[in-house]
Amino acid sequence: MEGIHDLGGLQGFGKVPHKINSESYKPVFHEDWEHLAYSLLFLAADHMQLFSVDELRHSIERMGTRYYFQSPYYDRIIIGTATLMVEYGIITQEELNEKFGKVFELAKPYVTPGRALPVSLDRPPFEVGDRVIVRNDHVAGHIRVPGYVFGKQGVILHRTTEKWPFPDTIGHGDKSAVHQPTYHVEFKVKDLWGDAADDGAVVVDLFEGYLDKV
């Protein structure tokens with residue numbers, strides 16, 4: 001993904017406080033207003049059929065770096081949804097500014113129109129047990145591959161029966177996106193982060209277009 005949201009494997013952010021089955025568990029919504037973020041999202045994406053979830057993800061990825069890190073999770077959903085609603089002409093920047101009494105900062109404009117499927121459609125699908133390698137495709141726009149698996153080899157554990165629009169295309173609003181299955185791909189932790197890492201495995205869901213057979 002290589003965006004501001006793609007922090008897997010990066011260092012320097014300090015320890016992540018995490019406890020399981022303890023009193024530290026909190027509900028999904030921490031504040032009374034947060035459920036409104038999802039309500040706005042599903043109104044626009046489902047009821048109005050304005051955009052896809054990948055478009056929302058991409059709009060959030062287009063937020064300025066400082067703005068992104070200062071914004072809580074549900075704020076990002078509101079900002080991403082508002083950005084798309086402005087881009088689709090449902091509301092205007094001026095209306096948002098008037099409502100909030102200040103300039104409502106939206107995500108940045110597109111820098112690329114996205115890309116179509118990077119591999120041939122003629123090849124057979126992968127099977128459970130196949131060893132695959134993640135394509136080392138670094139793109140400027142939306143992509144649904146964590147940066148830490150670029151160029152890494154893994155093993156197919158599962159292939160979905162359903163197919164979904166290729167994210168790199170639909171994430172930019174192009175409804176002609178090719179539909180593909182996704183795969184659960186297992187990677188050895190040491191293959192991802194070196195011998196200093198603990199033993200274990202990481203399973204990543206990846207679209208077929210991101211993979212090649214070893």
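Mentor: Let us begin with aromatic rings. Rings of Phe, Tyr and Trp (its six-membered ring) pair if their centres lie within 6.5 Å; planes under 30 degrees apart count as stacked, over 60 as edge-to-face and the rest as tilted. In this predicted model, local features need pLDDT of at least 70, side-chain atom pairs count only at pLDDT 80 or more, and totals for chains, interfaces and linings use all residues. Residues are numbered from 1 along each chain as its sequence is written, and side-chain values use heavy atoms, with hydrogens and water left out.

Trainee: Which residues do ring pairs link into a cluster?

Mentor: The cluster consists of Phe29, Tyr38, Phe42, Tyr73 and Tyr74. Across the whole structure, the search finds 12 aromatic pairs.

Trainee: How is an individual pair described?

Mentor: The distance of the centres and the angle of the planes describe a pair of aromatic rings. For phenylalanine 166 and tyrosine 210, the centres are 5.2 Å apart and the planes stand at 45°, so this pair is tilted. The two residues are 44 apart and link distant parts of the chain: phenylalanine 166 is in the loop between β3 (164-165) and α6 (167-170), and tyrosine 210 is in the loop between β6 and β7 (211-213). Tyrosine 210 also pairs with phenylalanine 207, with centres 6.4 Å apart and planes at 80°, so that pair is edge-to-face.

Trainee: Are phenylalanine 166 and tyrosine 210 buried or exposed?

Mentor: Buried means under 20% relative accessible area, exposed over 50%, and partly exposed in between (1.4 Å probe, protein chains only). Both phenylalanine 166 and tyrosine 210 are buried; tyrosine 210 counts as such because its relative accessibility is 2%. Phenylalanine 207 is buried too, with a relative accessible area of 11%. In the protein, buried residues make up 38% of the 214 residues.

Trainee: How many helices and strands are there in the protein?

Mentor: Helices (H or I, at least four residues) and strands (E, at least two) are DSSP runs, numbered from the N terminus. The protein has seven helices and seven strands, and from the N terminus on their order is α-α-α-α-α-β-β-β-α-β-β-α-β-β.

Trainee: How should I read the cover over a helix, for instance α2 (53-61)?

Mentor: An α-helix has 3.6 residues a turn, so residues three or four places apart point the same way. In α2, seven of the nine residues are buried, and the helix is thus mostly covered. The buried residues are Asp54, Glu55, Leu56, His58, Ser59, Ile60 and Glu61, and they pack against α1, α3 (65-70), α4 and α6. Glutamine 49, in the loop between α1 (35-47) and α2, is exposed, with a relative accessible area of 57%. Glutamine 49 also has a positive phi of about 55°, although it is not a glycine.

Trainee: Which residues have the most contacts inside the largest nonpolar core?

Mentor: A nonpolar core is a set of buried Ala, Val, Leu, Ile, Met, Phe, Trp, Tyr and Cys residues joined through side-chain atoms within 4.5 Å. The largest has 23 residues, and those with the most contacts inside it are Val145, Val185, Phe187, Leu206 and Leu211. Two or more residues come from each of β1 (131-134), β5 (182-188), α7 (189-193) and β6 (201-207); β6 gives the most, with four residues. A second, separate core of 21 residues includes Leu41, Ala82, Leu96 and Ala107.

Trainee: With which residues is leucine 211 in contact, leaving aside its neighbours within four places in sequence?

Mentor: Contact means heavy atoms within 4.5 Å. The partners of leucine 211 beyond those neighbours include Arg123, Phe126, Val132, Ile156, Tyr183, Val185 and Leu206. Phenylalanine 150 lies in the loop between β1 and β2 (153-159); its C-alpha is 9.9 Å from that of leucine 211, although the two are 61 residues apart in sequence. At 9% relative accessibility, phenylalanine 150 counts as buried.

Trainee: What are the contacts of threonine 182, again leaving aside neighbours within four places in sequence?

Mentor: Threonine 182 is in strand β5 and is buried, with a relative accessible area of 11%. Its contacts beyond those neighbours are His158, Arg159, Thr160, Trp164, Leu206 and Phe207.
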